[in-house]
Amino acid sequence: MPSQQNERNPQPRHSHSWTLAFGKACGVLLQAIVNGLALTRISPNVLTFIGLVINIGAAVLFGFANEQNYVRMFLYAGLVIIGAGIFDMVDGRVARQTKQVTVFGAFFDSVIDRYSDVVLFFGLIVFYARGNRYFYVDLSAFVMVTSLMVSYTRARAEALIGKCKVGFMERPERIVLIILGALFDRWGAMAPVLWVLAVLSTITVIHRIRYTYDMTKHLAPLSAGEPMPTPSQISLDRSSKLPSANV
């Protein structure tokens with residue numbers, strides 16, 4: 001019977017699809033880059049800062065684009081952002097591989113990521129302002145603010161409740177959308193990308209506010225001068241209010 005079942009439902013000859021093979025190849029290439037950087041003993045913080053400098057280059061390309069050359073300049077900017085993303089992906093891996101993981105490194109990486117976000121949107125603001133497209137100046141500024149708020153709400157919430165990784169529009173998704181908008185702006189892709197970022201980032205901020213409220217609404221109001229509870233205290237207090245499994 002097992003043999004007949006196998007004949008009726010033959011297994012595919014190739015267990016891995018081409019997408020998995022591509023992902024594996026990218027992983028191998030990325031690890032090779034990490035291995036090479038690890039041999040240089042370069043500081044991961046330096047790699048993080050290099051990523052910011054490259055993103056500044058992309059912002060300059062956005063800012064100097066005009067009606068005649070914007071397709072080419074946006075294409076270059078998208079490629080430059082991809083290059084910056086490589087440094088963003090390898091700095092943490094290099095830190096772990098060379099045993100240079102530090103608390104300050106995590107803090108520094110987070111701060112530089114915020115600067116990288118802001119500088120890209122600032123470049124778009126300059127581009128739209130030079131073209132007198134003031135509505136998109138406002139939209140780009142709004143997206144810049146909401147992008148910062150996505151990160152801020154998570155950081156502030158996790159200082160209270162320990163973990164708040166809810167919502168869709170994380171930084172990798174934002175960067176991918178900006179890259180797609182830049183690479184395909186020949187067909188006007190950046191404008192809808194900004195709309196998508198504006199809507200989904202706002203939804204993510206609201207989601208995180210709601211999640212934090214749900215996680216803290218059981219706490220009593222703080223008295224004057226009383227310190228904020230730690231995440232472990234909130235978790236312990238919340239678990240003590242849950243019904244017993246034996247009831």
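I worked on a predicted model, where local features need pLDDT of at least 70, side-chain atom pairs count only at pLDDT 80 or more, and totals for chains, interfaces and linings use all residues. Residues are numbered from 1 along each chain as its sequence is written, and side-chain values use heavy atoms, with hydrogens and water left out.

**Fold.** I looked up the secondary structure and found 9 helices and 0 strands. Helices (H or I, at least four residues) and strands (E, at least two) are DSSP runs, numbered from the N terminus. I noted that 34% of the 247 residues count as buried. Buried means under 20% relative accessible area, exposed over 50%, and partly exposed in between, with a 1.4 Å probe and protein chains only. For contacts (heavy atoms within 4.5 Å) between residues at least 6 apart in sequence, I read that 73% join residues at least 24 apart.

**Helices α4 and α5.** I checked this pair and found that the axes come within 13 Å and cross at roughly 175°. Axes are lines fitted to C-alpha atoms, for helices over the stretch in contact, and angles run from 0 to 180 degrees between N-to-C directions. The two helices are therefore roughly antiparallel; the term covers angles over 145 degrees, against under 35 for roughly parallel, 65 to 115 for roughly perpendicular and the rest for oblique. On the α4 side I listed Tyr70, Phe74, Ile81, Asp88 and Asp91, and on the α5 side Asp109, Asp113, Leu120, Leu124 and Phe127. These contact residues divide into 6 nonpolar, no polar and 4 charged. Ala, Val, Leu, Ile, Met, Phe, Trp, Tyr, Cys and Pro count as nonpolar, Asp, Glu, Lys and Arg as charged, and the others, Gly among them, as polar.

**Largest pocket.** I found about 1,100 Å³ of space in the largest pocket. It is lined by 41 residues, and closest to its centre are Asp88, Asp113, Arg171, Pro172 and Ile175. A pocket is an open set of points on a 1 Å grid over the protein atoms alone where a 1.4 Å probe fits, with protein on both sides within 12 Å along at least five of seven lines; lining residues have an atom within 4 Å of a point. Grid points are joined across faces, edges and corners, and a volume is the space filled by probe spheres set on the points. I noted α4 as the helix that gives the most to this lining, with 9 residues. By class the lining has 22 nonpolar, 7 polar and 12 charged residues.

**Second largest pocket.** I read a volume of about 330 Å³ here. Of its 15 lining residues, Gly92, Ala95, Gly105, Ala106 and Asp109 are closest to the centre. The largest share again comes from α4, with 5 residues. I counted the classes as 4 nonpolar, 7 polar and 4 charged.

**Single residues.** I found isoleucine 112 in helix α5, buried at a relative accessible area of 7%. Isoleucine 112 touches Thr48 and Leu52, not counting residues up to four places away in sequence. I then looked up phi. Most residues other than glycine have a negative phi. Lysine 99, in the loop between α4 and α5, has a positive phi near 55° and is exposed at 76%. Asparagine 132, in the loop between α5 and α6, also has a positive phi, about 60°, and counts as exposed at 53%.
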